[in-house]
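Here is a short report on a structure that is new to you. Keep the sequence and the 3D view open as you read.

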Number of protein chains: 2
Amino acid sequence: MRVLVTGAAGFLGGELLRRLTGVHEVLALDSRQGVEAAHWLVGDLADPKLVGDAERLAPDALVHLATVPGGAAEQDPALAWRINVEAGQELVTRLAARRAGLRVVFASSIAVLGALEGAVDDQTPLRPRLLYGAHKAIMEAWLGTLSRRGDIEAVSLRLPGLVARPRGPSGMKSAFMSDIFHAALAREPFVAPVGPGATMWLMSSARGADNFVHALTVPVREPFAFTLPAVRASMGELAAEIARQAGSDPAQISYRPDAGLEDDFGRYPPLAARFAREQGFEDDGDLASLVASALATIRETRT
Amino acid sequence: MRVLVTGAAGFLGGELLRRLTGVHEVLALDSRQGVEAAHWLVGDLADPKLVGDAERLAPDALVHLATVPGGAAEQDPALAWRINVEAGQELVTRLAARRAGLRVVFASSIAVLGALEGAVDDQTPLRPRLLYGAHKAIMEAWLGTLSRRGDIEAVSLRLPGLVARPRGPSGMKSAFMSDIFHAALAREPFVAPVGPGATMWLMSSARGADNFVHALTVPVREPFAFTLPAVRASMGELAAEIARQAGSDPAQISYRPDAGLEDDFGRYPPLAARFAREQGFEDDGDLASLVASALATIRETRT
């Protein structure tokens with residue numbers, strides 16, 4: 001199968017490319033070239049020429065990771081709309097016109113859910129508050145409609161907080177969930193912008209990439225968009241487990257909660273991701289396994 | 001209140017303008033000029049200059065009726081996306097930037113629901129199959145997010161089949177629901193493209209316009225998009241009631257069901273539009289009142 005991966009130079013893209021290379025023919029698209037994959041398409045996702053190049057290569061599947069993330073979208077709403085909605089819609093439309101039944105695996109986000117009250121399941125209505133969450137909900141709706149019509153086969157995976165992203169500015173408002181891992185390994189103090197009782201849904205990037213690989217061949221059916229299972233943990237539990245496994249000093253972690261971040265990322269209730277589990281998508285099992293996976297990925301990337 | 005109405009030269013726009021004139025300051029926008037309202041903005045909704053003109057007039061409220069309807073959207077998906085999604089998004093964004101808390105009343109459609117099984121209520125998930133339905137669902141999601149953020153106050157009304165639209169090509173796949181009224185008044189034979197047992201959700205255009213007026217001042221709360229109540233009737237019941245009130249010969253009505261139209265428009269189950277009723281939105285009460293209202297509007301328009 002010929003698979004086009006957008007956002008391929010990102011950290012999740014990199015993990016995905018490693019898994020796909022040798023199994024599928026991989027076309028990698030991003031604004032900068034990453035290290036792996038045979039064929040790179042480098043440029044702006046909103047550039048018709050680049051999209052034309054991708055179209056001529058006639059992929060059988062699209063894994064659409066490229067996005068303007070939450071914080072960056074709030075900074076530049078017009079750019080975010082153009083990339084997250086218009087460019088994605090255009091890319092899918094053009095690829096689907098060439099390849100009937102195009103498999104589209106879309107990186108959606110739990111940001112589509114918005115503020116939550118009570119437990120979450122597959123029936124929870126979507127009430128995004130971040131522009132980013134609205135953009136993802138919009139793409140879910142569009143891809144679902146095209147799937148219902150038989151034009152494409154879409155699987156939109158709502159990702160929880162992925163750990164650990166690389167250090168440095170990512171435009172993600174949830175970057176703190178990853179930064180705490182790096183701080184522990186570097187024996188640096190870390191100030192968490194949410195309180196120890198803030199609850200999050202988390203997944204290791206390795207497990208995230210596994211789920212994307214699974215989505216390339218899973219039978220597609222309604223609902224075409226669903227929430228992935230995730231490990232639910234509080235910031236305090238996460239901090240303690242990271243310190244234990246990294247051998248760092250828990251006293252280096254302090255808390256200075258930001259009300260906005262707590263609202264957006266620190267109030268995730270229990271999650272029953274029944275549909276995703278039935279389809280064979282998995283979380284990391286427990287917090288210890290999740291932390292071990294995230295630390296292992298950081299250490300591998302360093303060497 | 002200064003109210004901008006798009007699609008103002010359409011049949012629903014005309015009914016709405018008659019109700020708003022004298023009560024509010026009305027700005028009317030459409031690709032051609034209608035007969036009423038003080039201030040017309042004529043041009044393409046996707047034209048930045050026209051949108052700029054509207055923006056400078058700083059409306060307090062937007063009633064967004066303009067759309068590329070179902071059948072026309074299937075004929076030209078790119079145009080429909082541009083008008084139904086991109087132009088709407090751009091217009092709302094620009095008006096909201098000038099007027100905090102802009103009231104936006106959006107003409108959504110029951111097409112957002114898609115194929116239905118069992119009764120419909122406010123929790124029924126959105127599974128559109130028509131591109132038009134997807135576009136409306138996308139706009140609902142966008143406007144809901146902006147409302148949740150406090151940028152605007154959106155009310156998205158999911159309209160059932162409105163009767164009676166004027167005769168002639170409208171780009172609506174559901175035009176047959178209106179054409180039967182005109183045929184009865186003209187004493188012409190009518191071939192229904194759905195069977196007599198096909199069930200529909202209907203509202204008179206007069207009641208539809210009343211509901212839009214109500215939406216301009218109703219308190220806004222979650223969910224910001226909801227299905228309007230409607231009279232549910234079969235094609236056979238509708239035909240009999242029209243013939244009775246119009247004094248036409250029921251034998252002039254015959255049936256030649258089209259499977260696609262039956263699927264899209266002829267399988268509407270019982271509807272409980274609880275949220276809309278609580279907010280004060282109403283249907284026509286019963287089939288006899290609905291038919292009387294539709295016939296009265298046609299007769300008024302003729303004179």
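A salt bridge is a side-chain nitrogen of Lys or Arg within 4 Å of a carboxyl oxygen of Asp or Glu. Glu74(B) forms one with Arg149(A), and their closest N and O atoms are 2.5 Å apart. By this rule, 4 salt bridges cross the interface of chain B and chain A.

This is a predicted model: local features need pLDDT of at least 70, side-chain atom pairs count only at pLDDT 80 or more, and totals for chains, interfaces and linings use all residues. Residues are numbered from 1 along each chain as its sequence is written, chains are lettered from A and ligands numbered from 1 in the order in which they are written, and side-chain values use heavy atoms, with hydrogens and water left out.

**The interface**

Contact means heavy atoms within 4.5 Å. In chain B, 22 residues are in contact with 22 residues of chain A. The buried area is about 2000 Å², and carbon and sulfur atoms give 66% of that. (Buried area is the accessible area, with a 1.4 Å probe, that two parts lose on being put together, summed over both.) On the chain B side, Trp81(B), Trp142(B) and Arg149(B) lose the most area to chain A, together 27% of what that side buries.

**A helix pair in chain B**

Helices (H or I, at least four residues) and strands (E, at least two) are DSSP runs, numbered from the N terminus. Helix 4 (residues 77-98) and helix 5 (residues 131-148) of chain B pack at about 15 degrees, with their axes 10 Å apart. Axes are lines fitted to C-alpha atoms, for helices over the stretch in contact, and angles run from 0 to 180 degrees between N-to-C directions. Angles under 35 degrees count as roughly parallel, and helix 4 and helix 5 of chain B are therefore roughly parallel to each other. Their contact residues divide into 12 nonpolar, 5 polar and no charged. (Ala, Val, Leu, Ile, Met, Phe, Trp, Tyr, Cys and Pro count as nonpolar, Asp, Glu, Lys and Arg as charged, and the others, Gly among them, as polar.) Trp81(B) in helix 4 and Trp142(B) in helix 5 are among the residues that meet.

**Backbone details in chain A**

Most residues other than glycine have a negative phi, and most peptide bonds are trans. Ala58(A) has a positive phi, near 50 degrees. Ala58(A) lies in the loop between helix 2 (48-56) and strand 4 (61-64) of chain A.

| Cis peptide bond | Omega |
|---|---|
| Val163(A) to Ala164(A) | about -5 degrees |
| Glu222(A) to Pro223(A) | near -5 degrees |

Ala164(A) sits in the loop between strand 7 (161-163) and helix 6 (176-185) of chain A. Pro223(A) is in the loop between helix 7 (205-215) and strand 10 (225-227) of chain A.

Conventions: Angles under 35 degrees count as roughly parallel, over 145 as roughly antiparallel, 65 to 115 as roughly perpendicular and the rest as oblique.
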